[in-house]
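Open the model in your viewer and keep the selection tool at hand. This tour moves from stop to stop.

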Amino acid sequence: MASVDVIDVKKSYGAQKVIHGVSIAIKDGEFVTLVGPSGCGKSTLLRMIAGLEPISEGGLKIGERFVNDLPPRDRDIAMVFQSYALYPHKTVAENMGFALKIRKTPKAEIDERVRKAAEILDLGPYLARYPRQLSGGQRQRVAMGRAIVRAPQVFLFDEPLSNLDAKLRVQMRAEIKELHQRLKTTTIYVTHDQIEAMTMADRIVVLHDGIIEQIGSPLELYDRPANLFVAGFIGSPAMNMIKGRLESSPSPHFVTDDGMELPVAGIPAGGEGKRVIYGIRPEHFTLGGSLQAKVVVVEPTGSETQVFAHIGEQKLLGVFRERVTVGPGQVLALTPAVEAVHLFDAETGLRLN
């Protein structure tokens with residue numbers, strides 16, 4: 001196992017800059033997720049760590065050595081791709097042990113390491129089968145097993161669950177996290193799915209247009225997003241963003257563009273009259289109160305009810321554990337939880353409170 005240090009790394013394709021000076025210090029044994037929308041640079045960054053893409057500027061350390069100029073085979077990493085990349089004419093056991101065979105590892109050692117990896121991943125009964133005889137989840141476990149038998153210092157995952165159906169993704173998510181807890185190998189995981197990032201990672205790196213927007217634990221990013229981008233990207237359903245301004249008289253409050261008043265805990269220095277975005281997550285409303293929301297759609301899911309509504313011309317989503325008996329066109333009275341309100345500068349997008 002080893003730490004990974006990404007030091008002011010930049011990437012350009014000719015005149016086109018795609019990574020703009022990214023720095024991340026990943027601890028030995030840590031599970032770090034790179035998350036962001038398509039085109040943000042997360043897979044490019046992972047490929048540079050793997051040695052599949054050259055670094056234009058900056059440094060990359062794995063353990064105590066700089067690896068900028070080392071080929072992938074000498075970096076002691078193992079990568080699991082979105083596509084399973086299995087050899088169709090080889091059995092599960094042969095696929096898992098192929099990298100060791102290329103290294104001329106003794107057959108007895110290969111067999112032992114394949115057997116141990118198969119036990120970890122519940123692949124024992126399938127070692128003699130071919131990829132075509134396996135389900136999608138089983139094939140992904142074989143790809144993970146191929147990485148495990150190499151006993152690398154660092155695991156790299158590039159959107160490994162994207163090809164699986166929703167139920168299987170949830171199952172595999174838990175299996176990958178359990179695998180990390182067992183092996184304690186440094187892991188860097190790329191995904192565009194913020195639910196994967198939230199549920200699996202020790203720390204999340206949020207990327208946007210080739211820069212880091214915020215780094216922190218899942219709950220740090222959820223509870224204190226640094227800016228509007230992180231606030232809107234982390235959390236499902238997404239945070240409500242209401243436009244308006246702050247006023248202090250007769251007491252601190254927020255006034256929407258439609259003239260509705262919402263409570264705030266206080267006004268930041270210099271915030272009087274300032275144009276801001278009032279952010280509140282859907283689950284931070286309680287039923288009853290002075291906020292009048294006109295219901296548009298009600299979506300009961302069993303464990304909770306999602307209510308899509310309007311306050312004036314602005315959209316609002318509330319999520320309630322209680323059974324909400326309202327229909328489209330009706331008015332729902334709500335109270336936002338003041339302690340859960342986020343205020344963002346309307347111009348810069350930066351967090352104010």
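The stops below cover an annotated domain, a pocket and a sheet in this predicted model.

Stop 1: Select residues 4–234. UniProt lists this range as "domain: ABC transporter", in an unreviewed entry. Colour the range by secondary structure: the chain here is 36% helix and 26% strand.

**Stop 2: the largest pocket.** Show Met79, Phe81, Ala99, Arg146 and Arg150. Of the 18 residues lining the largest pocket, these are the closest to its centre. The pocket holds about 430 Å³ of space. Next, select strand E6 (77–80), helix H2 (92–102) and helix H4 (136–148). Each supplies at least two residues of the lining. Which classes make up that lining? Colour by residue class to see 13 nonpolar, one polar and four charged residues.

**Stop 3: the four-stranded sheet.** Move on to the open sheet with strand order E17-E16-E15-E18 and antiparallel pairing. Select E17 (314–320) and E18 (331–336). These strands stand at the edges, each with a single partner strand, so one side of each lacks a neighbour in the sheet. Turn the view to follow the twist, which averages 50° from one strand to the next.

**Stop 4: the E15–E16 pair.** Zoom in on E15 (residues 285–300) and E16 (residues 305–311). The two strands run antiparallel and are joined by six bridges. Finish at Glu299: what stands opposite this residue in E16? Gln306 does.

Technical notes. Residues are numbered from 1 along each chain as its sequence is written. This is a predicted model: local features need pLDDT of at least 70, side-chain atom pairs count only at pLDDT 80 or more; totals for chains, interfaces and linings use all residues. Side-chain values use heavy atoms; hydrogens and water are left out. Two strands pair if DSSP finds at least two bridges between them. Axes are lines fitted to C-alpha atoms, for helices over the stretch in contact, and angles run from 0 to 180 degrees between N-to-C directions. UniProt positions are given in the numbering used here, feature names are shortened, and annotations may be inferred rather than shown by experiment. On a 1 Å grid over the protein atoms alone, a cavity is a set of points where a 1.4 Å probe fits but cannot get out, and a pocket is an open set with protein on both sides within 12 Å along at least five of seven lines; lining residues have an atom within 4 Å of a point. Grid points are joined across faces, edges and corners, and a volume is the space filled by probe spheres set on the points. Ala, Val, Leu, Ile, Met, Phe, Trp, Tyr, Cys and Pro count as nonpolar, Asp, Glu, Lys and Arg as charged, and the others, Gly among them, as polar.
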